Amino acid sequence: MQEQNSKIKNQISSSISRGKLVHAYAFTGGTAQQREELGMWLCQTLFCEAEDKPCGECLPCRKFLHGNHEDFIVVKKPQDRESIVKDQILDLTDRLMLKPFGRRYAVVIEDAQLMNTAAQNKLLKTLEEPASEAVIVLLSDRREALLPTVLSRCVCFSLTNEASSFREEAAAGKLAGLIMIGAPFYKKKAVLEDILRDKDDARARAEDLLNALEARLMALLKEEKMRSVETSADTVSRLQRAVKAVLEARKHIRQLHSVAYTLKQLCLRV
Ligand SMILES: [Zn+2]
């Protein structure tokens, strides 16, 4: 995770030092901590006046680290609301019309997946006609929650939670084995209990699981097809059905259908 962040930082640093600053970045996936670390690092880097950014010592860096940099703006969901609403984005664009105190504004939109469509469309206008002195950084737990039009205006970095992908890999392996032998519903569902109980990351984890499961099934299918025909015809068609069901489930997860319902349907169908 740390390694992944370092790689991304190096990539951004080198593009900034080549003068390739863009107006919007998106960090999606991974953990909340990972996204926040990248978002804060990028904003500090944008403010820093030293050669080796972020230095942590120049005046803008110190202001930023003390939480009182005048040009640093954070947009987040108000406590009494369910989403980030259009008015908040309107306030933001109004503010960006004013001259920044220093060289530029740096804006972080936390939990950008909570922006409703009206807010995202408003933001899109700003991204299309960027105020020359602003960089907007979107942090979102999943890429699919942002409109494709918004994403297309950003330089995007998709993060993976390596510890959890390992967990999902293991679950996918077990599940593929159960599918292969035609195990009953309750056994397959038992493998997914851990994901179903996860209140925060179920959707992202389900998607990781389905990706891993698809890869496993395809590998099994290939092996099975190489065996003698008469013993494996059943297994082959079972695996083919399973791959179809996995693709369908992934589509539903991305369309924000209920994770629990989608995964249970998958267990019933495979
Ligand atoms: Zn500095």
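Predicted model: local features only at pLDDT ≥ 70, side-chain atom pairs only at ≥ 80, totals over all residues.
**Exercise 1. Confidence**

Task: Find the mean pLDDT of the protein, then name the elements with the lowest and the highest mean pLDDT.

Solution. Now go to the elements. Helix H7 (residues 162-180) has the lowest mean, 85. Strand S2 (residues 72-75) has the highest, 98.

**Exercise 2. Helices H4 and H5**

Task: Classify the packing of H4 and H5 as roughly parallel or roughly antiparallel, give its handedness, and describe the contact.

Solution. Step one is geometry. Helix H4 (residues 86-97) packs on helix H5 (residues 117-128) at an angle of about 20°, and the axes are 8 Å apart. Step two is the class. Angles under 35 degrees count as roughly parallel. H4 is therefore roughly parallel to H5. Step three is the hand: H4 and H5 cross right-handed. Step four is the residues. H4 contributes Lys86, Gln88, Ile89, Leu90, Thr93 and Leu96. H5 contributes Ala118, Ala119, Lys122, Leu123 and Thr126. Sorted by class, the contact of H4 with H5 holds six nonpolar, three polar and two charged residues.

**Exercise 3. Helices H1 and H2**

Task: Repeat the analysis for H1 and H2, from axes to residue classes.

Solution. Take the axes. Those of helix H1 (residues 2-17) and helix H2 (residues 32-47) come within 11 Å and cross at roughly 25°. H1 is therefore roughly parallel to H2. The crossing of H1 and H2 is right-handed. Now list the partners. From H1 come Asn5, Ile8, Lys9, Ile12 and Ile16. From H2 come Gln34, Glu37, Leu38, Trp41, Leu42 and Thr45. Their classes are six nonpolar, three polar and two charged.

**Exercise 4. Backbone exceptions**

Task: Locate the cis peptide bond, and the residue other than glycine with a positive phi near 45°.

Solution. Recall the background: most residues other than glycine have a negative phi, and most peptide bonds are trans. The cis bond joins Lys53 and Pro54, with omega about -10°. Pro54 sits in the loop between H2 and helix H3 (59-65). The positive phi, near 45°, belongs to Asp111. Asp111 is in the loop between strand S3 (105-109) and H5.

Methods. Residues numbered from 1 in each chain as written. pLDDT = per-residue confidence, 0-100. Helix = DSSP H or I, 4+ residues; strand = E, 2+ residues; numbered from the N terminus. Axes fitted to C-alpha atoms, helices over the stretch in contact; angles between N-to-C directions. Parallel < 35°, antiparallel > 145°, perpendicular 65-115°, else oblique. Left-handed = near helix turned anticlockwise from the far one by under 90°. Contact = placed C-beta atoms within 7 Å. Nonpolar A, V, L, I, M, F, W, Y, C, P; charged D, E, K, R; others polar.
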